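Grab a pencil and have a go at these exercises. Try each task yourself before you read its solution.

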Amino acid sequence: MVKHIDIKLGGSTATLSRSDVLVALKPEPGHSRSFEAEVNSIELRGRGARRGTVGGYHVIELPSAPMKRRAACEDLGRMVSMQRQVAVYHTSEDNVPFVPTGTIYMSFREGTDQASVNLILQEHSLVVVKAERGGFITVGTRADPVEACSVLQSNPAVAVAEPDLVTPKQPANILLPEDRLFGRHWHLNNIGKHDGQTTGLKAGADARVVEAWYALGSLGSDSVVIGIVDDGFDLSHPYLRGKALLSWDFERNAPDVGPIDMAAGSRDWHGTACAGVAAGRVDAGDIVGAAPHARIMPARMGSDIDSEKLARIFDYMTDNGAWVVNCSWGPKAARYPIGQRVSDAISRCIREGRGGLGIPVLFAAGNRNTSINDETNFNGLAAHPDVVVVSSSTSLDQRSDTSNYGSEIWLCAPSSGGGGWTIVTDSWTDAAGTGRPRGYSSGDYHECFGGTSSSCALVSGVCALVLSAAPRLSAAELRAILQRTARRIGDAGAYVPDGHSIHFGFGCVDAAAAVAAARASLSS
C-alpha cells in the first residue's frame with residue numbers, strides 16, 4: 001500500500017507518496033566497481049531493475065510479486081558496496097522520482113532556548129551538518145527524512161523542517177528535425193522574409209533587439225554579467241570564448257563547467273546553446289546573442305534538481321556579482337513543490353544581490369502545453385512570486401503550441417513553434433570542429449534550437465541591455481519595465497482587464513521600448 005505523507009514545503013502543504021516499487025541506493029565512495037557488480041547480479045537474477053540515477057543515487061525498481069520483492073530486499077540488505085538505501089517519493093501520478101538526500105533544512109521558533117533545541121536534536125538523532133543563513137541549520141539523519149520532517153513539523157518549537165530532495169531536471173527547449181528551414185536572427189529583427197522566403201515569417205514578430213542596439217548606440221555593456229544556471233558549457237566555443245567569469249560546476253565542485261563524457265543519447269550541452277542566445281559574441285561568425293558584449297557566469301548543475309545544491313547556486317550568484325540569472329529548465333515532475341531553502345535563496349538573490357539592487361531571476365515556462373499551476377501541475381520554481389516566467393511565441397507573433405501557460409507567466413519572447421521558424425545558436429565543438437556526440441549538431445552552430453529555453457535566454461539578454469542603459473535599476477524596477485513595455489500579441493480577448501494573458505503574460509518582450517523606459521527613468 002502506498003504511503004502518503006503531507007508535509008509543509010515553502011509555506012504550502014505537499015503530499016509526498018512513498019513508492020512501493022522503487023528504492024534509491026547510494027554507493028560507498030570508492031566502491032563504484034563493486035557496486036556495479038552487485039547491482040548487475042541483482043538484475044541478472046530478476047530481483048531488481050535499474051531506473052536511472054538521481055543525485056548520485058541509483059533508482060532500482062523491485063519485483064511486483066511479494067515473494068520476489070522480499071528476496072530482493074534481502075539482497076539489497078546484504079550489499080557491502082552500498083552506503084545508504086532510501087525510499088523514493090512522488091508528488092503526482094507521473095511517477096517522477098524525488099529522492100531524500102539525508103539532510104533536513106530547519107529552524108526553530110523565536111524564543112526557543114538552546115536546551116530545548118538540543119533536546120529536539122537528540123530525540124530525533126539529528127546531527128548538525130552546517131549553519132545556514134538567517135538562523136537556519138542543516139541536519140543529517142539516518143531515518144527517512146520525509147517521515148522525520150512530518151514529525152518535526154508537529155513540534156511547536158520547530159518553525160521549519162524540510163527534507164532536502166533531489167529530482168530530475170528537464171531542459172525547457174525543443175529539438176526539432178534538423179533538416180527544417182530556419183531564419184537566422186529573425187527573433188532579434190524580423191523583416192518578414194529570409195533569403196527570399198516569406199513562409200512562416202511576419203514582419204515585426206521579434207524582440208526588437210536590433211532597435212535596442214541602435215537606441216543604446218552599442219551592443220550593451222561588458223560590465224553586465226548574466227548568470228546562466230544549466231548543464232554543460234563549451235567555454236572554448238568561438239561565440240563564448242573569453243566571456244565567462246567565476247564559472248563553477250556544482251556537481252564536480254570545480255571551475256570546469258564543460259560537458260561530461262556521456263553515454264550515447266545523453267545530453268549535457270544545453271548551457272552552451274542558451275548562453276549563445278543570451279550573449280553570443282558579435283565577432284565570431286554567424287551567430288550573435290541578444291547582449292553580445294555581456295559577460296556570463298556559468299553554473300553547471302547537472303541533470304537533477306538538488307534543493308541544497310540549487311540553493312547554493314543562487315547564493316553563489318548573489319555573492320559573486322551576477323546581474324541577471326537565467327534558468328532555461330524546469331522540473332521533470334508534473335508537481336514540484338519548492339521548499340523554504342530554495343525559495344529563500346531565490347528571494348535573497350532577487351532582493352539582496354547587486355549590492356541590494358537585486359538580481360532579476362528568469363525561469364522558462366516549459367514546453368508541455370500545460371498549466372504551470374492547476375490541479376495536476378505545479379512548478380514551484382515558476383510559481384515563486386518574484387521571478388520572471390517566460391513563455392514562447394512564434395515568428396508569426398502567435399502562441400507557441402507547446403509553451404506552458406498560467407497566471408504566473410510574466411511575458412513571452414520569440415522562439416520556435418508550429419507554423420514558425422526555429423532559433424539558430426551555438427553548439428559544442430571539439431578540436432576537430434565537430435560537435436557530436438557532445439553537441440546538438442556537428443560544427444559550430446545548431447539550427448533547430450527553440451522552446452521556452454530559447455525565449456527565456458533571449459529575455460535574459462534583453463535584461464542585460466536594459467541594465468546597460470540604466471545600471472542602477474532594481475530588480476523590481478526592471479521587472480516592472482518589462483511588464484509595461486511588452487507589446488500585446490495574439491487576440492485582444494486573450495488579455496483580461498488588468499492586461500494579462502495566461503499565454504503571453506503582459507505581452508511579447510520589447511527590448512527597444514524597455515531600453516527607452518530605462519533611460520527615461522534616469523531623468524525622472
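**Exercise 1. Which hand does the crossing of α9 and α11 have, and at what angle do the two helices pack?**

Keep in mind that you're working with a predicted model.

Step 1: Find the helices. α9 covers residues 451-469, and α11 covers residues 511-522.

Step 2: Look at how they cross. The crossing of α9 and α11 is right-handed.

Step 3: Check the geometry. The axes of α9 and α11 lie 8 Å apart, and the angle is about 25°. Angles under 35 degrees count as roughly parallel, so α9 is roughly parallel to α11.

**Exercise 2. Work out which residues α9 and α11 use to meet, and sort them by class.**

Step 1: List the α9 side: Val462, Leu465, Val466 and Ala469.

Step 2: List the α11 side: Ala511, Ala514, Val515, Ala518, Arg519 and Leu522.

**Exercise 3. Find the buried residues of α4 and say where they sit around the helix.**

Step 1: Go to residues 145-152. The buried ones there are Pro145, Val146, Ala148, Cys149 and Leu152.

Step 2: Look down the axis of α4. Its buried residues fall within an arc of 160°, so they line one face of the helix.

Step 3: Recall a handy rule. An α-helix has 3.6 residues a turn, so residues three or four places apart point the same way.

Step 4: See what that face packs against. The partners of the buried α4 residues are the strands β1 (3-9), β2 (12-27), β5 (82-90), β6 (99-108) and β9 (158-171), plus helix α3 (114-123).

**Exercise 4. Are Ser343 and Ala273 buried or exposed?**

Step 1: You'll find it in helix α8, residues 340-352.

Step 2: Apply the cut-off. Buried means under 20% relative accessible area. Ser343 has 15%, so it is buried. Leaving aside neighbours within four places in sequence, Ser343 touches Ile338 and His384.

Step 3: Now take Ala273, in helix α6 (residues 270-279). Its relative accessible area is 0%, so Ala273 is buried too.

Step 4: Ala273 and Ala457 are 184 residues apart along the chain, yet their C-alpha atoms are separated by 9.2 Å.

**Exercise 5. How many helices and strands does the protein have, and what share of its residues is buried?**

Step 1: Count 11 helices and 22 strands.

Step 2: Of the 524 residues, 58% count as buried.

Conventions
Residues numbered from 1 in each chain as written. Predicted model: local features only at pLDDT ≥ 70, side-chain atom pairs only at ≥ 80, totals over all residues. Heavy atoms only, no water. Axes fitted to C-alpha atoms, helices over the stretch in contact; angles between N-to-C directions. Helix = DSSP H or I, 4+ residues; strand = E, 2+ residues; numbered from the N terminus. Parallel < 35°, antiparallel > 145°, perpendicular 65-115°, else oblique. Left-handed = near helix turned anticlockwise from the far one by under 90°. Contact = heavy atoms within 4.5 Å. Nonpolar A, V, L, I, M, F, W, Y, C, P; charged D, E, K, R; others polar. Buried < 20%, exposed > 50% of the residue type's maximum accessible area, 1.4 Å probe, protein only. Arc of directions from axis to C-beta.
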